[in-house]
Amino acid sequence: MATITSVPCAVGSAIHLNSRNLRNPPCLSSNRSVVSFTKRGGSDCRNWRLVVRAGERNDERKKVGMSDAECEAAVVAGRVPESPPAPARPAAPAGTPVMSPLQINRRPRRNRKSPALRAAFQETNLSPANLVYPLFIHEGEEDTPIGAMPGCYRLGWRHGLVEEVAKARDVGVNSIVLFPKVPDALKTSTGDEAYNENGLVPRTIRLLKDKYPDLIHILQMDTMVLSEKMARAGADVVSPSDMMDGRVGAIRSALDAEGFQHVSIMSYTAKYASAFYGPFREALDSNPRFGDKKTYQMNPANYREALLETAEDEAEGADILLVKPGLPYLDIVRLLRDNSSLPIAAYQVSGEYSMIKAGAVLKMIDEERVMMESLMCLRRAGADIILTYFALQAGRCLAGEKR
């Protein structure tokens with residue numbers, strides 16, 4: 001790693017690098033800390049990294065060449081070196097009434113009075129490693145925008161998908177879940193396409209595993225046959241989403257029998273029959289042709305029932321327990337967290353994503369702040385990982401990038 005250049009810059013600042021500002025690195029502030037641009041290999045701008053070192057300031061105080069003993073003797077003799085004065089206490093605005101301080105022993109605000117203290121006592125943290133990126137794929141070469149989910153696309157599996165995964169990995173998001181749009185002509189009442197080892201999803205997994213061996217693939221599926229096919233293609237985690245009784249145990253047995261003991265199961269433990277899934281239906285053109293799913297998805301009014309589902313999935317061999325939707329069901333996330341030692345996942349579903357996007361378009365909310373707050377709330381409730389369509393956008397925020 002070779003340092004290319006160093007310039008004065010503000011501590012904690014972030015610069016988005018491109019071919020122009022790599023030639024002339026910008027200074028963000030007169031605060032004289034050292035910023036270094038380092039190259040990790042390759043010609044792509046994504047291979048450049050910005051490092052700000054607070055400790056490498058230019059300091060006007062010079063050493064005088066005295067030994068420790070001489071310094072101590074000078075202090076004992078009363079020749080104390082000068083130091084800056086104590087910070088001035090902020091004055092009240094003119095006209096503020098003079099009041100006697102309230103006799104309060106406990107003042108929680110004392111631990112919130114500065115950014116440094118707030119960061120030191122922050123109880124919950126969010127990092128790109130906590131995020132899982134759901135991605136839609138199709139057989140085409142072009143990326144097709146999804147109207148109900150601004151910023152989301154059906155990605156071409158050979159081109160757009162690979163590029164999107166590369167962007168996510170650049171900001172530390174290294175887990176994905178794939179949702180395929182299967183051609184209508186291949187949909188049958190017996191699900192024959194699930195047996196196709198050269199279907200869209202197995203092909204895509206093999207492509208990504210070849211390019212990014214350490215990428216974590218989570219595959220949603222609803223049959224034992226499909227779980228085995230996905231494991232054979234290279235899936236790290238299979239995720240039965242149908243909540244059918246006994247499904248987790250049957251899949252665990254099938255995977256183990258075929259030598260896939262290393263493949264994990266993320267169970268949709270508490271998947272509610274929610275109205276928040278609407279935009280997802282457009283993404284995959286997957287609206288139910290008839291009926292509904294209320295006989296196997298949970299009633300939104302139920303709380304204790306989630307404990308029954310948790311106990312069953314744990315007993316059948318689940319490795320991760322998932323709650324879906326996310327933000328409207330924070331109480332369920334906390335319930336599972338308090339009653340299971342397994343990792344807990346939460347799915348911030350399409351309706352949650354699209355509401356934030358719509359509110360931002362109407363200038364009713366600050367999109368970035370609401371996005372990050374909602375993800376932090378899911379972490380605070382007890383989620384270890386969060387499936388979210390904001391994964392790339394949030395990862396960029398956490399990495400200090402601005403768009």
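Residues are numbered from 1 along each chain as its sequence is written, and side-chain values use heavy atoms, with hydrogens and water left out. Because the model is predicted, local features need pLDDT of at least 70 and side-chain atom pairs count only at pLDDT 80 or more, whereas totals for chains, interfaces and linings use all residues.

Helix α4 spans residues 160-170; helices (H or I, at least four residues) and strands (E, at least two) are DSSP runs, numbered from the N terminus. Within α4, the residues G160, L161, V162, E164, V165, A166 and A168 are buried. Buried means under 20% relative accessible area, exposed means over 50%, and partly exposed lies in between (1.4 Å probe, protein chains only). The cover over these buried residues includes β4 (131-138), β6 (153-156), β7 (175-180), α5 (200-211) and α13 (391-398). After α4 comes G172, which has a positive phi near 95°.

Two packed helices are described by the angle between their axes and the distance between the axes. For α10 (residues 330-339) and α12 (residues 367-381), the axes come within 8 Å and cross at roughly 30°. Axes are lines fitted to C-alpha atoms, for helices over the stretch in contact, and angles run from 0 to 180 degrees between N-to-C directions. In this pair, L330, V333, R334 and R337 of α10 are in contact with C377, L378, R380 and A381 of α12, where contact means heavy atoms within 4.5 Å.

The whole structure contains 13 salt bridges, each defined as a side-chain nitrogen of Lys or Arg within 4 Å of a carboxyl oxygen of Asp or Glu. One of them joins D236 and K209 (3.1 Å, N to O). D236 lies in the loop between α6 (224-233) and β9 (237-240) and K209 in helix α5, so the pair ties together parts that are 27 residues apart in sequence. D236 is partly exposed, at 26% relative accessible area, whereas K209 is buried, at 18%.

A further salt bridge links R232 and E258 (3.4 Å, N to O). R232 belongs to helix α6 and E258 to the loop between α7 (247-257) and β10 (264-271), 26 residues apart.

D338 is exposed, with 54% relative accessibility, and R334 is partly exposed, with 32%.
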